[in-house]
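Please walk through this model with me, strand by strand and then helix by helix, keeping the sequence beside the structure as you read.

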Amino acid sequence: MAGKSGSPAVELTVGERTVRVSNPDRVYFPESGATKLDLVQYYLSVGDGIVNALRDRPCMLHRFPKGLPGGKVHQKRLPAGAPEWIPTVRVYFPRYGRTADELCVSELADVIWAVQMSTVEFHPWNSRRSDTEKPDEWRIDLDPMPDCPFSRVQRVAGVVREVLGELGAVGWPKTSGGKGLHVYVRIAPDHGFQDVRRAALAFAREVERRAPEDVTTTWWRRDRDPKMLFVDYNQNARDHTIAAAYSVRGVPEATVSTPVRWDEIPDLDPRDFTIATVPDRYAKLGDLHADIDNTVFDINQLLEWADRDKVEVDLDDPPES
């Protein structure tokens with residue numbers, strides 16, 4: 001995998017597009033020697049999966065123009081120099097009174113072009129271009145505090161599955177690429193961000209009631225027990241994004257946020273999923289989230305829980321997590 005920057009550019013055919021990859025041998029992950037071209041090849045290997053995760057969603061990019069050692073750029077606006085075929089969607093940021101044209105993936109070539117522009121991580125919104133103000137994805141983030149063992153994350157995942165089952169909702173789990181787990185639920189795009197976040201908090205508090213020794217929903221990080229698991233309902237706030245399924249993470253180990261089966265969770269180690277291992281897994285299993293759009297859940301029952309428990313959230317709350 002090792003190489004040095006300054007090598008000749010390569011041109012790749014991706015679907016009906018040609019994407020030029022400059023500096024293909026630039027090392028992005030010094031620990032393994034993985035290069036820019038290795039990153040491109042990884043995303044090609046999970047092509048249907050990453051497109052399914054990003055399709056038609058505004059997407060923030062985490063770019064590393066000099067590889068990991070050079071630091072990260074959080075890019076909301078589409079990078080300059082995009083070819084005319086790269087799709088975008090305009091989103092509004094009320095806090096700043098500004099708009100931005102964000103990448104809105106429709107095909108694999110869009111992803112590979114973004115990697116050419118030094119993108120390592122893809123962070124999509126939980127709404128789509130057809131109505132960016134109406135989320136169609138409820139995100140349950142099992143976010144361990146610094147001293148929380150992964151066994152606690154695994155245990156709480158079982159509680160999450162139990163509650164979802166009682167609601168008649170189908171959850172689609174994945175590793176975060178770090179020490180946590182995410183569970184996505186496809187929802188009808190009938191509600192705004194505030195309602196979806198209220199529903200998410202009502203659900204999180206039900207999980208907390210069932211696992212009080214493991215779970216906290218305390219808003220401020222400074223007030224949380226460092227051994228607990230935070231069920232982060234804030235990930236459903238407007239313009240609050242997390243790494244997509246199949247997104248590489250910008251960490252030395254080049255871990256991947258990887259879809260998993262529920263029955264894998266009791267025995268899995270999230271560190272096992274990297275750009276070196278996920279391609280073989282994908283070749284064997286395919287996209288474990290391929291059918292997510294076929295299991296749409298109505299959050300009205302959760303909103304009834306929120307009314308019952310007098311759950312309120314403020315759209316202007318800081319995205320503390």
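Strand β11, which covers residues 172–175, pairs with strand β12 in the antiparallel sense, and four bridges join the two. This is a predicted model, and the description that follows should be read with that in mind. Between β11 and β12 there are five residues, so that the two strands form a hairpin, and within its turn G177 has a positive phi of about 90°.

How much of β12 is buried? The strand is mostly covered, and six of its six residues are buried. The covering applies to both faces, with L181, V183 and V185 buried on one side, and H182, Y184 and R186 buried on the other.

Turning to the helices, α1 (residues 36–45) packs with α3 (residues 108–116) at an angle of about 165°, and their axes lie 10 Å apart. Because angles over 145 degrees count as roughly antiparallel, α1 is roughly antiparallel to α3. The crossing of these two helices is right-handed. On the α1 side the contact is made by K36, L39, V40, Y43 and L44, while α3 contributes L108, V111, I112, V115 and Q116.

S118 lies in the loop between α3 and β9, the latter spanning residues 119–124, and S118 has a phi near 75°, which is a positive value in a residue other than glycine. Is S118 buried or exposed? With a relative accessibility of 4%, S118 counts as buried, because the cut-off for that label is under 20% relative accessible area.

D56 is found in another loop, the one between α2 (47–54) and β5 (58–63). D56 likewise is a residue other than glycine with a positive phi, here near 65°. The relative accessible area of D56 is 25%, and D56 is therefore partly exposed.

Key:
Residues are numbered from 1 along each chain as its sequence is written. This is a predicted model: local features need pLDDT of at least 70, side-chain atom pairs count only at pLDDT 80 or more; totals for chains, interfaces and linings use all residues. Side-chain values use heavy atoms; hydrogens and water are left out. Axes are lines fitted to C-alpha atoms, for helices over the stretch in contact, and angles run from 0 to 180 degrees between N-to-C directions. Angles under 35 degrees count as roughly parallel, over 145 as roughly antiparallel, 65 to 115 as roughly perpendicular and the rest as oblique. A crossing is left-handed if the near helix is turned anticlockwise from the far one by less than a right angle, and right-handed if clockwise. Contact means heavy atoms within 4.5 Å. Buried means under 20% relative accessible area, exposed over 50%, partly exposed in between (1.4 Å probe, protein chains only). Two strands pair if DSSP finds at least two bridges between them.
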